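I opened a new notebook page for this protein. These entries record what I looked up, in the order I looked.

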Amino acid sequence: MKYQPIIGMEVHIELRTKTKMFCACPGFHFGTKPNTQTCPVCLGLPGALPVPNAQAVEWTQFLGTAFGCTLAKFSRFDRKNYFYPDLPKGYQISQYEYPLATYGSWTNGEGKKIGIRRIHLEEDTGKLSHTTINGERVTLVDFNRSGVPLAELVTEPDFSSSAEAKEFVQALQQIVRYLEISDADMEKGSMRLEANISVRVGQTTNDIRQKLPDYRVEVKNINSFRFLESAINYEIERQSEALERGEKLVQETRGYNEVKGITFSQRQKEEAHDYRYFPEPDIPSFEFSDEILKEIKSKLPELPESKRKRFETEYKISPSYSKILTETRELADFFEEAIKVGSVHGISPAKLANTLVNKKPNISKMLPAELIKLIKNAEEKGQISDEELEKVSLQSIEENSDVVESYKNGKESVLQFLVGQVMRKTKGRADPTKTAELLKKLLS
Ligand code: ZN
Ligand code: MN
């Protein structure tokens, strides 16, 4: 390829804390009646003082730990100043110089390492909706979302295709759900994607971060994995074609039109200095001791990848089964709980893995013990004792003397008829191969 894509991701994740980031209003806002969950703090009224949510801070540190980041010993909030109707204070409380976590990494399925530059904590804005009332175009503001905690994760520009970027955000969603810090639901907007895309001429060094182009295009408001892929592909093509024509590309923010499948220019990108960041004077800075950071790290649950590997070695199941069984924490926990119960009843992990992967029982509607009972019942129904099998086989031989006669005269194919008789008498509980062998023995 003549033009090499360089892609970085920025992901906002709404944390599912009980209360908002800096006040006691409920954090859950999806589908609530507009402007019923507000207070002077999240409405930005003069004199209201923010008090940080300790849970949100810790959860952001969880996310940092999950990506092998360094957790900051010193951290603080800053004001990011800009005007927009969904931002009543005229600034967003965010983190600039001292984010909670920095410099981690993530390794994709092909062993390629993607750098995580930083993870910081900030507050969400209100929600604008554009509509028509009495024939007039209006914009409504709902502040229920204003002040909801947001973790923002920024990667290095280490992706070189839309597929790589997609694989990452899918893994991120899975990790966030394992950590139980957000539902990371793209449709509800609790996980929002932005891609920074530029292209560079030719293959250069192995280090993708070297000689970056002097511009990048930020595509905002992408709300599905599929749209992420098509928005990035569209940009790569658009930018390559522009360079081909000898045009100069500029730093800008673009939106994505999912109906037309195209991106469109929104504004020439502002630089960090345009925001006039400065330390938030109403919130003291944080200092974390080594002990506290160690304690935070120790609270982390087992993550999908290590669970996947552990299932393979501990339960001797295939990588593909292990991947399916660790897709959600619920399924993985259910599987392990069922193994415990199953071991008492002689049901093997392999049998359980097989049942869960292939029969896909609705685990939200049953307990692991109930699944074991179902498997057990099915097995018992399917089993027939050797004595019973012999009894039924002899019976079939007696009742079909003519068939037995022709078998003894060399017509071996009639054996299948006798097998069929046994199957019918046992209502299908006999094993056909075993029955055929037994019949042969009895007739010899
Ligand atoms: Zn509030
Ligand atoms: Mn942000």
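How many salt bridges does the rule find across the interface of domain 1 and domain 2? I found 1, counting a salt bridge as a side-chain nitrogen of Lys or Arg within 4 Å of a carboxyl oxygen of Asp or Glu. I then noted the partners: Arg329 pairs with Glu180, and their closest N and O atoms are 3.4 Å apart.

Ground rules. I am reading a predicted model, in which local features need pLDDT of at least 70 and side-chain atom pairs count only at pLDDT 80 or more, while totals for chains, interfaces and linings use all residues. Residues are numbered from 1 along each chain as its sequence is written, chains are lettered from A and ligands numbered from 1 in the order in which they are written, and side-chain values use heavy atoms, with hydrogens and water left out.

Domains. I looked up the bounds, which come from an automatic or database domain assignment: domain 1 covers 3-297 and domain 2 covers 304-443. Taken over C-alpha atoms, their centres lie 51 Å apart.

Interface. I counted 6 residues of domain 1 in contact with 9 residues of domain 2; contact means heavy atoms within 4.5 Å. About 570 Å² is buried between domain 1 and domain 2, and carbon and sulfur atoms give 46% of that. Buried area here is the accessible area (1.4 Å probe) that two parts lose on being put together, summed over both. Of the area that domain 1 buries against domain 2, 87% is supplied by Gln174, Tyr178 and Glu180, more than by any other three residues.

Polar pairs. I noted 5 residue pairs in polar contact between domain 1 and domain 2, both residues at pLDDT 80 or more. A polar contact is a pair of N or O atoms within 3.5 Å; within protein, one must be able to donate a hydrogen and the other to accept it, and residues adjacent in sequence count only if both atoms are side-chain atoms. Helix H2 (residues 162-179) gives the largest share of the side of domain 1 that touches domain 2, with 4 residues. Helices (H or I, at least four residues) and strands (E, at least two) are DSSP runs, numbered from the N terminus.

Salt bridges overall. I found 34 in the structure. One of them joins Glu164 and Lys112 at 2.8 Å, N to O. Glu164 is in helix H2 and Lys112 in the loop between strand S6 (101-107) and strand S7 (113-123), 52 residues apart.

Sheets. I traced an open sheet of 9 strands with mixed pairing, in the order S2-S6-S7-S10-S1-S11-S12-S13-S14. Two strands pair if DSSP finds at least two bridges between them. Strand S2 (70-71) and strand S14 (262-268) are its edges, each pairing on one side only. Strand S12 (residues 217-222) and strand S13 (residues 252-257) run parallel, joined by 3 bridges. I also noted an open antiparallel sheet of 3 strands, ordered S5-S4-S15.
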